[in-house]
Amino acid sequence: MDGQYDVVVIGTGPGGEGAAMQAVKHGKTVAVIERDPLIGGSCTHRGTIPSKALRYAIFQIMETNQNPLFRERGITVDCLLPQLQKRAKSVIDQQVRLRTTFYDRNDVPIFRGQARFIDEHTVEVGKEDGGRDVLHGEHIVIATGARPYRPAEVDFDHPRVFDSDTILHCSLDVKSITVYGAGVIGCEYASMFRNLEIKVNLVNQRDRLLDFLDEEIVDALSYHLRERGVIIRHRETFDRVEPRDDGVVLHLKSGKQLKTDVLLWGAGRTGNSDGMNLEAIGIQPDSRGNIPVNEHFQTSVPHIFAVGDVIGPPALASAAYTQGRYAACQILGTEVSRPGLDIPTGIYTSPEISSLGKTERELTEASIPYEVGHSQFRSLARAQITGRTVGMLKILFHRETLEILGIHCFGATASEIIHIGQAVMALPKPYNSLLYFINTTFNYPTMAEAYRVAALNGYNRLF
Ligand SMILES: Cc1cc2nc3c(=O)[nH]c(=O)nc-3n(C[C@H](O)[C@H](O)[C@H](O)COP(=O)(O)OP(=O)(O)OC[C@H]3O[C@@H](n4cnc5c(N)ncnc54)[C@H](O)[C@@H]3O)c2cc1C
């Protein structure tokens with residue numbers, strides 16, 4: 001046995017990090033296992049961080065090219081994907097350096113290799129050189145994340161066929177792309193590529209984009225994507241993918257064929273639960289590789305927890321971290337409220353989207369008497385100054401108690417300003433109230449002012 005620990009954590013993404021740091025800071029002995037050469041998880045290397053760094057680099061180019069001060073002088077910037085990827089790489093490096101110090105400073109050893117259960121308390125780490133470590137954990141946290149779903153009939157080895165992991169290393173001069181799958185990742189990449197002036201087909205299997213969002217927000221997203229030139233096709237299912245030397249043809253069941261330089265497959269994710277010998281300890285993942293857990297993130301084996309993308313939705317880095325921390329609190333026996341009900345969505349499309357709480361549809365279906373307050377960004381001084389006038393914030397509130405029930409926002413800084421509303425919504429009754437935004441003085445000019453404008457707009461509708 002190479003080590004006995006109070007807690008063994010598998011995976012160093014946000015879920016694993018949240019669990020490991022909470023446990024070690026409260027006196028537990030902790031070891032982590034990671035099969036990637038660098039820590040940080042797919043969050044740092046293939047998901048959140050590279051995609052958001054790339055998006056920001058594209059945004060900077062767009063802003064420069066649209067700035068009248070530069071345009072008048074004939075200054076334009078033209079960047080290829082590989083040049084933009086350099087920016088993402090430098091952010092990844094900074095993140096890895098920083099996160100490695102967390103483990104070093106807290107004396108948490110990192111065992112490199114593939115984790116595999118021997119029994120309910122023992123995990124073997126298969127190393128690249130063929131050797132192995134064996135770790136014993138009183139408690140074990142599985143935070144192994146997820147990967148893009150790859151249907152067997154699609155040739156992902158072809159140089160023109162990508163998924164969300166491999167697109168980050170695309171070195172082709174792409175002029176057109178088909179994004180298959182219009183979930184959050186598909187919509188984000190469709191926005192990014194279009195902002196690089198690349199022709200984009202976005203193929204959606206459903207009736208609407210991101211149908212878990214408030215309808216007004218979805219309508220706005222569809223409108224703005226189309227206005228920018230993205231061709232959106234709803235209710236389409238792929239029949240087959242035909243990669244050619246000069247492009248990829250996506251054959252759809254409807255008989256349509258879409259030919260573009262490359263294809264980005266963005267439909268679905270699979271939990272990383274395979275290869276861990278879970279069957280030997282009686283843990284049975286579902287058909288998507290997700291590990292079932294109870295409300296405390298315990299698997300069918302009570303001292304083994306699972307958190308983050310490997311348990312399925314919401315599949316957000318933000319949620320994974322809080323779930324990991326919560327699981328560690330359960331191990332520590334610390335009182336802590338269960339995460340899960342108040343997770344905001346942050347969707348980094350163009351325009352950016354963020355929302356929290358109930359949608360209009362949910363409130364209507366539940367017969368809750370609500371009212372709506374809107375603020376259009378084009379009327380805000382700050383938006384006019386920055387030229388980022390596309391957007392809207394809306395507050396849904398109970399028309400009798402004035403309790404805030406939902407906040408839905410799209411446009412610049414949406415994913416930041418949502419937290420102002422979140423803080424108020426988290427207050428106990430009667431402090432969670434629309435009146436907060438009416439009676440509180442906000443800095444001016446700011447985007448946060450949208451709350452005051454929306455609150456007054458809604459309040460004035462009451463009779
Ligand atoms: C393109 C893209 C964009 C995204 N953007 C956002 C965003 O803007 N905001 C947001 O909140 N979320 C975003 N996400 C989601 C976010 O990246 C995930 O929710 C998050 O990474 C989940 O964290 P995790 O700790 O569960 O798993 P991961 O970050 O996937 O980490 C799991 C780790 O476990 C390791 N591992 C797996 N199996 C084993 C094994 N058997 N043995 C040893 N190690 C193992 C892996 O190597 C990996 O390092 C995005 C995802 C993608 C793909």
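The model is predicted: local features need pLDDT of at least 70, side-chain atom pairs count only at pLDDT 80 or more, and totals for chains, interfaces and linings use all residues. Residues are numbered from 1 along each chain as its sequence is written, and side-chain values use heavy atoms, with hydrogens and water left out.

**Domains**

- The chain is divided into domain 1 (2-148 + 270-332), domain 2 (161-267) and domain 3 (351-460); the bounds come from an automatic or database domain assignment.
- Taken over C-alpha atoms, the centres of domain 2 and domain 3 are 31 Å apart.

**Interface of domain 2 and domain 3**

- Domain 2 brings 10 residues to the contact and domain 3 brings 14 residues, where contact means heavy atoms within 4.5 Å.
- About 1000 Å² is buried between domain 2 and domain 3, and carbon and sulfur atoms give 62% of that area.
- Buried area is the accessible area (1.4 Å probe) that two parts lose on being put together, summed over both.
- Of the area that domain 2 buries against domain 3, 50% is supplied by D214, E216 and I217, more than by any other three residues.
- The interface of domain 2 and domain 3 holds 3 salt bridges, each a side-chain nitrogen of Lys or Arg within 4 Å of a carboxyl oxygen of Asp or Glu.
- A salt bridge joins the side chains of K394 and E216, at 2.5 Å from N to O.
- The side of domain 2 that touches domain 3 has 5 nonpolar, 1 polar and 4 charged residues. Here Ala, Val, Leu, Ile, Met, Phe, Trp, Tyr, Cys and Pro count as nonpolar, Asp, Glu, Lys and Arg as charged, and the others, Gly among them, as polar.

**UniProt annotations**

- An unreviewed UniProt entry gives residues 343-454 the annotation "domain: Pyridine nucleotide-disulphide oxidoreductase dimerisation". UniProt positions follow the numbering used here, feature names are shortened, and annotations may be inferred rather than shown by experiment.
- Residues 343-454 are 31% helix and 28% strand, with the end C-alpha atoms 22 Å apart. Helices (H or I, at least four residues) and strands (E, at least two) are DSSP runs, numbered from the N terminus.
- The unreviewed entry's "binding site" annotation covers G181, A182, G183, V184, I185, G186, C187, E188 and G268.
- These residues span 88 residues in sequence, but no two of their C-alpha atoms are more than 14.3 Å apart, so they gather at one spot.
- E188 is placed in helix 6 (residues 184-195).

**Backbone features**

- A cis peptide bond runs from P313 to P314, with omega near 10°; P314 lies in the loop between strand 17 (304-306) and helix 8 (317-332).
- The peptide bond from K429 to P430 is also cis, with omega near 0°, and P430 sits in the loop between helix 11 (414-425) and helix 12 (435-439).
- D107, a residue other than glycine, has a positive phi near 55° and is found in the loop between helix 5 (81-105) and strand 3 (110-112).
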